[in-house]
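The sequence and structure come first.

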Amino acid sequence: MIDQFIINALIAGVMVAAIAGPLGCFMVWRKMAYFGDTIAHSALMGVALGIAFDSENPIIMIGTCSAVALLLLFLQRDRRFSSDTLLGILAHSALSIGMIVISMMDRFRTDMMYYLVGQILAIGIDDLYTIGAVVVLSAIILYLIWRPLLSITVHEDLARIEGVKVDQIKIAYMLLIAFVVAVALKVIGVLLITALMIIPAAAARTLAKTPLQMIIISSGCGIISVITGISISNMWDVPTGPAIVLSATVLFLCGRFFIRARA
Amino acid sequence: MSVKSSQLLRLENVCKSYNNNLVLEDVSFSVSRGETVTLIGPNGAGKSTLMKISLGILDVSSGDVHRAKKISIGYMPQKVMIDDVLPLSIRDFLYLRPNTTYDDIEEVLETVRLPHIADQPIQSASGGEMQRILLARALLGKPDLLVLDEPVQGIDILGQQEIYGLIAEVRDKTNCGVLMISHDLHLVMASTDQVLCLNRHICCSGPPEFVRNDPEYYALMGRPMEGVAIYTHHHSEGHDHQYHSHKSARDNHDHD
């Protein structure tokens with residue numbers, strides 16, 4: 001008999017991986033991996049705010065991540081600083097705020113590690129509902145914007161002239177990442193969430209012939225990684241988040257060798 | 001002033017500045033149906049800025065831009081690089097244009113003579129093929145006005161003639177107007193009606209054979225075959241750009 005907490009972990013992990021892969025494909029195509037990291041770092045600030053307000057409401061986390069994403073868009077209007085620099089400023093400032101606030105609250109100091117690598121085995125039914133709602137909503141929005149988003153990814157000016165609402169689509173995509181990162185924090189943690197987006201997408205690249213194939217395969221790779229990772233973690237008593245990430249890395253390497261062997 | 005029926009685009013006294021830095025000064029020109037207008041000028045002359053203003057994706061600081069009502073604009077951007085990480089066939093690239101059907105795609109691929117490679121990854125296209133793909137994408141909207149940014153950049157002579165040939169063919173067949181940026185006057189000579197020499201302002205304009213012999217043109221673009229051109233300071237207040245050269249000696253320190 002499998003314990004309930006393992007089942008919860010599996011359901012939560014599979015749901016997050018299913019949407020993280022497709023979002024990660026766009027992250028890889030648009031070379032925005034560092035953006036995911038920034039949002040994850042600011043999620044820690046969301047955790048701190050939640051503690052400060054003594055509330056576990058996921059809205060706080062989602063709100064914080066979204067605010068940082070929108071702040072980035074605003075700052076990007078100043079052409080003197082590259083996105084790279086702005087992301088560095090935002091990520092580390094948010095991380096520092098989060099760490100200082102958390103450190104001021106004695107009862108949480110010992111739990112810091114959970115936020116960094118996740119606490120997937122502590123996921124309850126309420127968490128499942130929250131994650132489920134966010135994942136379904138994100139999937140619907142991504143389905144609606146994926147073609148224009150792809151067009152922007154290939155050539156922004158061309159898309160704009162062809163009538164794509166470039167700014168709205170970009171904001172929608174950034175908010176999607178903020179939403180998913182916010183709910184994935186408990187599953188895989190600040191340090192590793194970007195990995196769950198990037199590595200399955202990279203693994204999918206070697207097998208895919210079209211953008212849509214890459215999106216679907218990345219979802220599959222993410223789901224396989226989560227199931228494998230949780231099983232390994234359960235068998236050998238290693239941290240779950242890192243086990244999931246390494247499973248994805250192995251999939252990526254297998255894909256590479258598969259292509260080499262075929263060529 | 002109303003836009004004449006055949007006129008697709010008209011700019012009047014357009015100025016553009018970024019952070020108090022004037023990049024376009026008092027630029028006026030128009031493009032009509034069946035007409036090809038070529039913008040030439042050195043790097044940093046404001047060609048791309050002027051093109052973005054014509055396309056309507058950049059606002060002017062002062063002056064007016066008139067576009068004929070409900071015209072469809074096809075845009076061919078300068079040299080598109082698509083990263084290998086995106087698995088995208090040529091057909092799928094063309095399909096990215098909103099409201100496109102696969103029949104439309106077959107048709108434009110025939111026009112640019114590329115149907116045989118439609119299913120290959122777009123990254124495998126050669127320089128010349130890539131430019132024809134971009135032209136095909138611009139043609140998908142059945143444009144009244146084609147705007148082309150350096151359509152032959154980085155292509156060998158044969159390929160260049162082919163692209164210019166295709167553009168002229170499309171123009172003659174659909175009676176669209178063409179506005180393009182080019183570095184080299186000699187290559188576009190045969191297929192352009194009007195040349196605008198741009199260096200922040202319009203230095204000279206007119207039919208290509210006219211501009212070719214204009215001292216302002218040498219001053220701006222140089223004359224590599226015959227050594228360094230002598231730059232004469234000559235002022236004139238003429239503002240009629242249609243088939244008349246008007247000179248204003250400004251910011252050509254390279255040739256002083």
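## Terms and numbering

Two residues are in contact if their C-beta atoms, placed from the backbone, lie within 7 Å. Helices (H or I, at least four residues) and strands (E, at least two) are DSSP runs, numbered from the N terminus.

This is a predicted model, in which local features need pLDDT of at least 70 and side-chain atom pairs count only at pLDDT 80 or more, while totals for chains, interfaces and linings use all residues. Residues are numbered from 1 along each chain as its sequence is written, and chains are lettered from A and ligands numbered from 1 in the order in which they are written.

## Helix α4 of chain A

Buried residues of α4(A) are Leu87(A), Leu90(A), Ala91(A), Ala94(A) and Gly98(A); buried means 20 or more other C-beta atoms within 10 Å of the residue's own, exposed 12 or fewer, and partly exposed in between.

Ile100(A) counts as exposed because it has 11 C-beta neighbours inside 10 Å. Between Ile100(A) and Ala48(A) there are 8.5 Å in space, C-alpha to C-alpha, although they are 52 residues apart in sequence.

## The nonpolar core

A nonpolar core is a set of buried Ala, Val, Leu, Ile, Met, Phe, Trp, Tyr and Cys residues joined through C-beta atoms within 7 Å. The largest one has 153 residues, and those with the most contacts inside it are Ala43(A), Val180(A), Val181(A), Leu196(A) and Cys197(B). Helix α8 (residues 166–188) of chain A gives this core its largest share, 15 residues.

Leaving out residues up to four places away in sequence, Val180(A) touches Ile19(A), Ala20(A), Leu23(A), Val134(A) and Ser138(A).

## The contact between chains A and B

Chain A contributes 19 residues to the contact and chain B contributes 17 residues. On the side of chain A that touches chain B, α1 (4–29), α6 (125–154), α7 (156–161) and α10 (211–236) of chain A each supply at least two residues. The most come from α7(A), with four residues.
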